[in-house]
Amino acid sequence: MFIPTALALVLLDTALSYIIVNKVPYTEIDWVAYMEQAKQIIAGERDYTQIRGGTGPLVYPGGHVAIFTWLYELTNEGNDVRLAQYIFMGIYLFTLFFVLFFVYRPARVPPYFLVLLVLSKRIHSIYMLRMFNDVISTLFSVFAVAALQRRLWSFSAVILSIAVSVKMNSLLYLPGAALIYLQALGPVGAFVRAAVPFLAVQFAVAVPFISAGYQKEYFSQAFEFSRVFFYKWTVNWRFVPEAIFLSKPFALVLLGAQLLLITAFCVKRGYHWLAPIKVPKIFSAVPPSTSELPALVRALLNPSHIERTQRLARITPEYVLTILVTSNLIGILCARSLHYQFYSWYFWTIPYVLSKVTPVFGHFFALVAFASQEFAWNTYPSTNTSSAVLVGCNFALVAALYVQGQLDGRARERREEEERNTKIN
């Protein structure tokens, strides 16, 4: 049923997308600014601090520059908006097709969850009526996930780096991806086969600006981690007073929460983000203490050959997808500000998350969670209620993944214990 369902959804959404492009009015937000910036770059400007558009300075890395200068020339200096819409319609449909057949299918997602991928009004708008660069970053992120599922270590690192070179949001996948590389390749292998290709791509897209002597301007603008978004555009923390939202302590609390959640998924029982064989105590039923964390680090950095081989066997497509989806979702939950186009960062992961947690939490939870996401992202402007619903829903999804992982871990422990007893007997 998977293939017929997926093909039917792609065909139906192709027709729907065509109607949207031709019948629903286009909304100008960032496209003109992208084109204005591309025009300056084509004219020879290389100082990032001097490249500006109607919405402000250029704040995206070199991959964005390369893609949108190409689109500038392809669309008659950005004037052929309809052609641009068809291009972004193609990006949307290709992303949908790729998620279905190359990401979801290997992870054995139940067919009835696939329908959720085509039901979002906001997502269709982001792709075809707004044409944000976020969707291009998402496309390459999906490619990277599929490559990691197939254990194409260096290739996946290159593709993930291309996604980051378009927009920094793809860095949210990095904690999960780094842990997969570390478990599969060991520290030296992870550095040589993942970190080096990742950094090489970042250097390559920066060369036009570095070679012109503007390396400081490039890196400070393209990777401005301290940038604070306007409160009026936030979708997720509207219910927080503006003074708190803009404060540094609030940002540090969210960063701390992100690190704490990542640690929790790593050290609790070891069946969330780790596929361990022998790590004392920390993967037992006893909650880990901080004194056990060094044991975890030593086990990851210096595993035996047998341990690494057995870990590699456990790095299945479903396992990889779960880690990367969770890593991204934790980052989104803890982001200080989400704008409407940011929904494209993780919408494609929501059906998978719901399929993962439904066996424990039920179909009613899945329906409420999906409806809550759509309510929050389609409420414009955001309100205290819509933002609280969004944060609460994302927290519930992260918590559900954690609980599901706990239960999966216990079930696997029982199976392994039964297998050991069978061999002994």
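Biologist: How many helices and strands does the protein have?

Modeller: The protein has 16 helices and two strands. Helices are DSSP runs of H or I with at least four residues, strands are runs of E with at least two, and both are numbered from the N terminus. This is a predicted model, in which local features need pLDDT of at least 70 and side-chain atom pairs count only at pLDDT 80 or more, while totals for chains, interfaces and linings use all residues. Residues are numbered from 1 along each chain as its sequence is written, and side-chain values use heavy atoms, with hydrogens and water left out.

Biologist: Why is Tyr18 called partly exposed?

Modeller: Tyr18, in helix H1, has a relative accessibility of 46% and therefore counts as partly exposed. Buried means under 20% relative accessible area, exposed over 50%, and partly exposed in between (1.4 Å probe, protein chains only). By the buried cut-off, 54% of the 425 residues in the protein are buried.

Biologist: Which residues make the nonpolar surface patch?

Modeller: Tyr18, Ile19, Trp70, Leu74, Leu83 and Tyr86 make a patch of about 580 Å². Helix H1 (2-23), helix H3 (62-74) and helix H4 (81-104) each give two or more residues to this patch. Areas come from the Shrake-Rupley method with a 1.4 Å probe, and for residues only the protein chains shown count as cover.

Note on methods. Patch = residues over 30% accessible without salt bridge, like charges linked within 9 Å, V, L, I, M, F, W, Y side chains within 5 Å. Salt bridge = Lys/Arg side-chain N within 4 Å of Asp/Glu carboxyl O.
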